[in-house]
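Open the model in your viewer and keep the selection tool ready. We will go from stop to stop.

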Amino acid sequence: MTTRREIAAMIDHTLLKPEATGEQVAALIAQGVELGTFSVCVSPNQLPVEVPEGLRVATVCGFPSGAHATAVKAAEAADSVAKGADEVDMVVNLRQVKEHDWDAVEADVRAVKEAVGAALLKVIIESAALTDEEIVAVCQASERACADYVKTSTGFHPAGGASVHAVRLMRETVGERLGVKASGGIRTAQDALAMVEAGASRLGVSASVAILDGLED
Ligand SMILES: O=C[C@H](O)COP(=O)(O)O
């Protein structure tokens, strides 16, 4: 039985709408504290943010397309860490993934890993746009590049967000060596529990209130 508190402690409470204001981010932080989420996840243009002790700050990089030059991603990630980000969620280069250029995928991730230093790096693979073989190979390339997590989705891709199938496959691929973050389209307690059951160790959600309202301690 997974409790409300346990799910809350797995949540990156997320606001990545480009039009989000500083006031909305401040409200997100207050809500994250109240709900007991692991972190808040905001766009790089919101950094730095003031958070109370215990609430971590996550941001995104090369978001949402991943189609940025590696040097641009690395510079963006380093800037975010300098502005207080504890965790960086980068989008993989989907051209390289679709061309099955796994050495290039690895190099892109490795450059950002080096840029974030001691901060934690999650690699968004946009699983809904990939075949199973591509999901496995991009997870393996991310592991070779020393990423800390693989993550399903940006939540902005027309192909869709997280699925139980993708999360299970990602967990099977990385074992317990890396974390698995499910994100994109997780709206209810049932959705969240299904992702955890499939192997997710972190949840990226904007619907944290609705999800946690559906759970009991
Ligand atoms: O990384 C997190 C996603 O952008 C959140 O997506 P969501 O709004 O579908 O929960």
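Which residues are exposed on the other side of H6? Select helix H6, residues 132-144. Asp132 and Glu133 are the exposed ones there. Helices (H or I, at least four residues) and strands (E, at least two) are DSSP runs, numbered from the N terminus.

Before moving on, note that this is a predicted model: local features need pLDDT of at least 70, side-chain atom pairs count only at pLDDT 80 or more, and totals for chains, interfaces and linings use all residues. Residues are numbered from 1 along each chain as its sequence is written.

Stay on H6. Color Ile135, Val138, Cys139, Ala141 and Ser142, the buried residues of H6. They cover an arc of only 160° around the axis, which puts them on the same side of H6. The arc is that of the directions from the helix axis to the C-beta atoms.

Next, select strand S5, residues 120-124. Four of its five residues are buried. S5 runs parallel to strand S4 (residues 87-91), joined by five bridges. Find Asp89, which stands opposite Lys122 in S5. S5 is also parallel to S6, with three bridges between them. Two strands pair if DSSP finds at least two bridges between them. Ile124 has Lys151 in S6 as its bridge partner. From S5 the chain crosses through H6 to S6, and this β-α-β crossover is right-handed. That term applies if, with the strands pointing away from the viewer, the path from the first strand over the helix to the second runs clockwise.

Now select strand S7, residues 179-183. All five of its residues are buried, so S7 is largely enclosed by the rest of the structure. Gly179, Lys181 and Ser183 point one way, while Val180 and Ala182 point the other. In a regular strand the side chains alternate between the two faces of the sheet. In S8, Gly204 is the bridge partner of Ser183. The chain reaches S8 from S7 through helix H8 (residues 189-198), in another right-handed β-α-β crossover.

Last stop: the ligand. Of the 13 residues around it, Gly155, Ser183, Gly204, Val205 and Ser206 come nearest. A residue is near a molecule if its C-beta atom, placed from the backbone, lies within 6 Å of it.

Note on methods
Buried ≥ 20, exposed ≤ 12 C-beta atoms within 10 Å, placed from the backbone. Expected span 1.5 Å × (residues − 1).
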